[in-house]
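Thanks for coming. Please have a look at the model first.

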Amino acid sequence: AAPTAAAMPQAPAPAPAAGIAPSSMTKDQLMQMLVNAPAAQAKQILGERLYALIQPEQGPLAGKITGMLLEGLDNSELVALIDDHSALRNKIREALAALEAHAAAQQAAQQARS
């Protein structure tokens, strides 16, 4: 049987996290919110948290990089990146390399047409 609400040590996620942006939550608040969130909402929450970490370093590319990470990784990998800044930096470098390769391929295709 599922534990009753009285047996649970913490309130459901919306209560402790109400009014707190995912970017400023503690890891425990974030994890509690993710456990109770539908998959699409969990991705949104993780995206907001990752964007807040990526934006100071990458500025205008932060949204694109965040989207690439959200598409390419599952939620457990995304949570790990929030905790491990060197792993996050490595993923940012991979995303930047992919963006540069894509831009170079587009430029080559344009030059081939002209």
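Let me start with Met33, which lies in helix α2. Helices here are DSSP runs of H or I with at least four residues, strands are runs of E with at least two, and both are numbered from the N terminus. Met33 has a relative accessible area of 17%, so it is buried. Buried means under 20% relative accessible area, exposed means over 50%, and partly exposed is in between, with a 1.4 Å probe and protein chains only. Met33 and Pro22 are 11 residues apart along the chain, and their C-alpha atoms are separated by 9.0 Å.

Before going on, a word on where this comes from. This is a predicted model, in which local features need pLDDT of at least 70 and side-chain atom pairs count only at pLDDT 80 or more, while totals for chains, interfaces and linings use all residues. Residues are numbered from 1 along each chain as its sequence is written, and side-chain values use heavy atoms, with hydrogens and water left out.

Now the chain as a whole. It holds six helices and zero strands. Of its 114 residues, 28% are buried. Among contacts with a separation of 6 or more, 53% are between residues 24 or more positions apart; contact means heavy atoms within 4.5 Å.

Back to α2, residues 27–36. How do helix α2 and helix α5 pack? Helix α5 covers residues 75–83, and the two pack at an angle of about 170° with their axes 12 Å apart. That makes α2 roughly antiparallel to α5. Axes are lines fitted to C-alpha atoms, for helices over the stretch in contact, and angles run from 0 to 180 degrees between N-to-C directions. Angles under 35 degrees count as roughly parallel, over 145 as roughly antiparallel, 65 to 115 as roughly perpendicular and the rest as oblique.

On the α2 side the contact has Lys27, Leu30, Met31 and Leu34, and on the α5 side Val79, Ile82 and Asp83. Asp83 is partly exposed, with a relative accessible area of 46%. Between Asp83 and Lys27 there are 56 residues in sequence, yet 8.3 Å in space, C-alpha to C-alpha.

The other pair to look at is α4 and α6, which pack at an angle of about 105° with axes 10 Å apart. That makes α4 roughly perpendicular to α6. From α4 the contact takes Lys64, Ile65, Met68 and Leu69; from α6 it takes residues including Leu88, Ile92 and Leu99.

Which residues have the most contacts inside the largest nonpolar core? They are Ile54, Ile65 and Leu69, in a core of 24 residues. A nonpolar core is a set of buried Ala, Val, Leu, Ile, Met, Phe, Trp, Tyr and Cys residues joined through side-chain atoms within 4.5 Å. The elements giving two or more residues to this core are α2, α3 (39–58), α4 (62–72), α5 and α6 (85–113).

Not counting residues up to four places away in sequence, Ile65 touches Ile54, Gln58, Ile92, Ala95, Leu96 and Leu99. Thr66 is also in helix α4, and at 4% relative accessibility Thr66 counts as buried. Leaving aside neighbours within four places in sequence, Thr66 is in contact with Gly47, Leu50, Tyr51 and Ile54.
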